[in-house]
Amino acid sequence: MVLALTSALSRCNMSDCIFCMIGAGDIPAELLYEDEKVLAFRDVNPQGPFHILIIPRDHYPSIKEIRDECLIGQMFNAGNRIAEENKIKDFRYIINTGEDAGQTVFHVHLHLIGGRKMTWPPGEGEKMKIKWIGHSALLLEGSRKVLIDPFLTGDPAATVSIDDVTECDVVIATHDHGDHLGDSFEICRRTGAVFVSLYEISEQAEKEGLSAEMMNVGGTIETNSVKISMVPALHSATLGGTAVGVVVEFDGISVYHAGDTGLTMDMSLIGEMYEPDIAFLPIDGRFTMTPRLAAKAVELLKVPKVVPIHFDTFPAIKSSPEEFKNLVGNKSDVIILTPGETIEL
Ligand code: 5GP
Ligand code: ZN
């Protein structure tokens with residue numbers, strides 16, 4: 001009797017449930033499938049290029065409350081159909097059940113995520129790898145592949161050539177100087193990656209037929225499941241007139257790439273507002289900070305890990321990462337890499 005009552009109640013449309021509201025048409029969603037029992041729509045915060053939620057129209061808080069085997073089958077059938085129609089060959093189904101498992105909306109839903117490689121086991125243990133390609137170029141690899149300042153062609157220190165880059169989701173350029181914008185456009189052309197930069201540089205990318213996101217200092221965007229915040233840097237540039245730094249976040253890791261910059265008090269705010277897990281700071285001492293100033297930047301940022309970059313690429317920018325490490329002392333863990341080396345976070 002009690003069971004029947006619970007079941008009858010849970011089948012009512014709940015006025016405070018987001019997914020019931022989507023089912024009722026009260027909240028907009030991009031629908032991909034519907035029948036009289038099941039509904040599928042795009043996730044508002046996609047965790048991959050293709051992320052769909054499949055829900056029963058009736059309200060069940062979680063999969064545990066569904067007694068109707070057919071309904072469960074119908075949800076998977078809908079998912080299989082959507083995957084096929086959208087040419088998603090490999091994908092993952094997920095039903096988070098309960099808070100500790102990551103459930104945040106308590107109307108049962110089947111996640112269908114595809115369009116990217118996934119690691120196993122899911123959740124904890126997914127690490128981000130960061131390769132210092134050389135000069136200012138970084139490759140961030142986890143559930144997504146992100147390149148920052150990919151100056152590969154013409155960089156005597158580069159350990160990756162443009163032909164090595166076959167897959168990429170996002171390319172970010174901190175400014176339009178050749179040693180930062182580098183091969184960005186060509187990589188986007190070859191891989192279909194989204195180009196992210198200052199308004200004027202992205203406008204140029206769009207003119208060249210690339211998919212681009214325009215930004216400016218202070219903004220935060222999300223593209224291809226990568227969150228990018230544009231932060232101040234003190235440096236010149238042609239397009240856009242200035243250079244910027246970026247804070248890039250995905251897989252739960254936040255990376256600050258300072259671009260080219262002098263020392264600025266803004267670094268204190270960058271540390272406070274974005275709380276990066278790691279910072280990549282230029283230390284060449286001619287076009288950007290000296291090791292002494294970069295050590296002060298670490299103090300302002302209060303960042304737990306830091307890697308010196310943008311030095312020794314050319315004779316004019318010889319610098320000393322060891323001096324930088326000594327000056328930072330115990331204020332942060334200074335990791336001195338050589339071009340081509342990778343760290344895991
Ligand atoms: P959970 O964490 O409960 O397994 O997943 C809930 C999912 O619902 C999340 O991926 C979240 O992005 C998505 N979501 C939350 N609110 C909305 C909304 O209003 N519209 C859409 N389309 N998705 C939503
Ligand atoms: Zn509901």
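Ligand 1 takes up the space of the largest pocket. The model is predicted. Around ligand 1 stand 16 residues, and a search of the whole structure turns up 14 salt bridges.

**The shell around ligand 1**

- Among the 16 residues that surround ligand 1, the closest are Asp 43, Asn 96, Gly 102, Thr 104 and His 111.
- By residue type, the shell holds seven nonpolar, seven polar and two charged residues.
- Helix α2 (18–24) and strand β2 (38–42) each give at least two residues to the shell.
- The largest share, three residues, comes from α2.

- The side chain of Asn 96 has an N or O atom 2.8 Å from an oxygen atom of ligand 1.
- At Gly 102 the backbone takes part: one of its polar atoms is 2.7 Å from an oxygen atom of ligand 1.
- His 109 brings an N or O atom of its side chain to 2.9 Å from an oxygen atom of ligand 1.
- Ligand 1 taken alone exposes 520 Å², and the protein buries 83% of that area.

**Salt bridges**

- Side chains of opposite charge can pair when their charged atoms come close.
- The whole structure contains 14 salt bridges, and one of them joins the side chains of Arg 42 and Glu 30, with 3.1 Å from N to O.
- This pair links distant parts of the chain, with the two residues twelve residues apart.
- Arg 42 belongs to strand β2, whereas Glu 30 lies in the loop between α2 and β1 (31–34).
- Strand β2, which holds Arg 42, also supplies at least two residues of the shell around ligand 1.

Terms used
Residues are numbered from 1 along each chain as its sequence is written. Chains are lettered from A and ligands numbered from 1 in the order in which they are written. This is a predicted model: local features need pLDDT of at least 70, side-chain atom pairs count only at pLDDT 80 or more; totals for chains, interfaces and linings use all residues. Side-chain values use heavy atoms; hydrogens and water are left out. A residue is near a molecule or strand if one of its heavy atoms lies within 4 Å of it. A polar contact is a pair of N or O atoms within 3.5 Å; within protein, one must be able to donate a hydrogen and the other to accept it, and residues adjacent in sequence count only if both atoms are side-chain atoms. Accessible areas come from the Shrake-Rupley method with a 1.4 Å probe; for residues, only the protein chains shown count as cover. On a 1 Å grid over the protein atoms alone, a cavity is a set of points where a 1.4 Å probe fits but cannot get out, and a pocket is an open set with protein on both sides within 12 Å along at least five of seven lines; lining residues have an atom within 4 Å of a point. A molecule sits in a cavity or pocket if more than half of its atoms lie within 2 Å of its grid points. Helices (H or I, at least four residues) and strands (E, at least two) are DSSP runs, numbered from the N terminus. Ala, Val, Leu, Ile, Met, Phe, Trp, Tyr, Cys and Pro count as nonpolar, Asp, Glu, Lys and Arg as charged, and the others, Gly among them, as polar. A salt bridge is a side-chain nitrogen of Lys or Arg within 4 Å of a carboxyl oxygen of Asp or Glu.
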